[in-house]
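This briefing sets out selected local features of the structure shown below. The points are grouped by topic for reading alongside the coordinates.

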Amino acid sequence: MKEVRQLWNSTWSVLCAGMLLLLVVGCDSSSSIEDFIGVKKTVAYDPSKPVTISDFTPHEGAQGQKLILFGDNFGNDTSLVRVSIGGKPAPLISVENKELYCFVPDKAFSGEIEVTVGDSARGTQTAKAENVFNYQRKMVVGTLCGYRNERDDQGWHDGPFETCSGFRGDGCLNFDPLNHNHLYCVYDGGVGIQLIDLKKRNVSTVISTTAFGTNRLRSIDFTLDGQYMVISTDRDNMGNRSPSVWIMKRNPQGVFDNSCDLQLLAAYKQCNGASIHPVNGELYFNSFERGQVFRLDMDAYFNTLNHGGVWKPAYDDHKGIDDAIQELFTIQDTYWEFKIFIHPSGKYAYIVVVNQHYILRTDYNEQTKRFAPAYVVAGLDRSRGWNDGVGTTARMHKPYQGCFVKNPDYVKENRSDQYDFYFCDMENHAIRKLTPDGLLTTYAGRGEEGHAQDGSDSGKEDGELRKKARFQYPGGIAYDEQTNTFYILDGGNREIRTISMEK
């Protein structure tokens, strides 16, 4: 009797489910049993019917954006479907007859969407969307010039971008303030000072390293009128003073080359960087010895020359002109390299402590005309690593040259500080960004695709900033506001790289 009851209950359950299913399907002619029980319908491409595109979403985006196309007769076989956006093949994800999923390809500038379905056996059909996709260009990494062969013995060769080579090791970049097509590069070891002519697409060594004796070239800047180039140098002079800062005037033709008069401006122990104040023209430079930061009154230098005097900086412990130079303060690290980068407003400066992996800020006092003792804004001394974060939670590994770049969003918000600070994080093989609020993020490099393939953070891939692009020991960085382009000295790859809007 128990077995009969169980059989009846099971039979009744099946009958009820069947009646319910028929009732639901009968109430909606567009439904099916497959729809009801959750089985996905797939419909094959029908060559006798037209392929159509009715809409797509989203209607705008950049490379890598996922796009859904709506229409009819796409079929269910991805091998029969090809999608193009702006004339570029779009990677296909899946197709379900009335819906098609793909990714937006790079450089799909014109935005026309086309879907082609079929093969040679059944013929093909192509449908075009009525509206175009609004492709949004974005910043990407590229290569301007230089190369590294398998043996790394390509050497240093001036000439056209297509054949020039060099760009080896640490160095710094800076634009000629009177000609934004002239980008200068100084090397800590190497040929000297090179001119990268962006208009003529040519590289030339304009000042030989022999002009500075055995000194290492560490930074390059220009006076406010653009008539003088200022170069810092570094050399251990056996406990005595050594050449710290040099100055040279443009020649009568208006260019900087070996014919320019090179003069010693300041001499202390092992200078790693010198910067001109962007508002009042004062010179700030450092000394490796005790972590000193110095101020040099450039008016005193020019007044001396204009009155027929001779500028003789103290050198090798001999007396000279020292009253125009004041020691302002010292940083906490002695015998470690650091560089000074002054904000365009002149109100503060960042001190990048290269070998100890952190960044300080020093604020400018308008009354005393001096920078005040510095405090940490990013990273932690003697704690190298790679971590985006705020203040001392962030980590770097040999930060090097940096530059300030105006942020248009800050301008719209009418912020008091409208500049971010971009710098090369050499041994992290990345370009980092520090906001005025103290947030440090990774802007470009360490491409995730390449990292997944070979387990390395370095490389030489161009492309999307964080997904694909990689660098190898980038050191120098300069920014051209007119073209919205970064230039990077990628010392490990022996190249000049760019970060610019894709074109």
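A residue is taken as buried when its relative accessible area is under 20%. The model is predicted. At a relative accessibility of 8%, Asn251 therefore counts as buried. The points below begin with this residue, then turn to a strand hairpin, aromatic pairs and charges over rings.

**Asn251 and its surroundings**

- Asn251 is located in the loop that runs between β19 (242–249) and β20 (262–268).
- Its side chain reaches the backbone nitrogen of Gln253 at 2.9 Å.
- When neighbours within four places in sequence are left aside, Asn251 is in contact with Asp257, Ser259 and Cys260.
- A separation of 9.8 Å is found between the C-alpha atoms of Asn251 and Tyr228, which are 23 residues apart along the chain.

- Strand β36 (residues 474–480) has 7 of its 7 residues buried, so the strand is largely enclosed by the rest of the structure.
- Strand β37 (residues 485–490) pairs with β36 in the antiparallel sense, over 6 bridges.
- Within this pairing, Ile477 has Ile488 in β37 as its bridge partner.
- The two strands, β36 and β37, form a hairpin with 4 residues between them, and Asn484 in the turn has a positive phi of about 55°.
- In a regular strand, side chains alternate between the two faces of the sheet.

**Aromatic pairs**

- With ring centres within 6.5 Å as the criterion for a pair, the count comes to 27 aromatic pairs.
- Tyr350 and Phe404 are stacked, because their ring centres are 5.6 Å apart and their planes lie at 15°.
- This pair links distant parts of the chain, with Tyr350 in strand β26 (residues 348–353) and Phe404 in strand β31 (residues 399–406), 54 residues apart.
- Tyr350 and Phe404 are both buried.
- Tyr422 and Tyr443 form an edge-to-face pair, because their ring centres are 5.0 Å apart and their planes lie at 75°.
- Here too the pair links distant parts of the chain: Tyr422 belongs to strand β32 (residues 419–425) and Tyr443 to strand β34 (residues 439–445), 21 residues apart.
- Both Tyr422 and Tyr443 are buried.
- One aromatic cluster is formed by Phe341, Tyr348, Tyr350, Phe404, Phe421 and Phe423.

**Charges over rings**

- Arg137 places its charged end over the ring of Phe109, 3.8 Å from the ring centre.
- The face of Tyr268 has Arg241 lying over it, at 4.3 Å from the ring centre.

Definitions and conventions. Residues numbered from 1 in each chain as written. Predicted model: local features only at pLDDT ≥ 70, side-chain atom pairs only at ≥ 80, totals over all residues. Heavy atoms only, no water. Buried < 20%, exposed > 50% of the residue type's maximum accessible area, 1.4 Å probe, protein only. Contact = heavy atoms within 4.5 Å. Polar contact = N/O pair within 3.5 Å; in protein donor to acceptor, adjacent residues only side chain to side chain. Pairing = 2+ DSSP bridges. Phe/Tyr/Trp six-rings, centres within 6.5 Å; stacked < 30°, edge-to-face > 60°. Lys NZ or Arg CZ within 6 Å of the ring centre and 35° of its normal.
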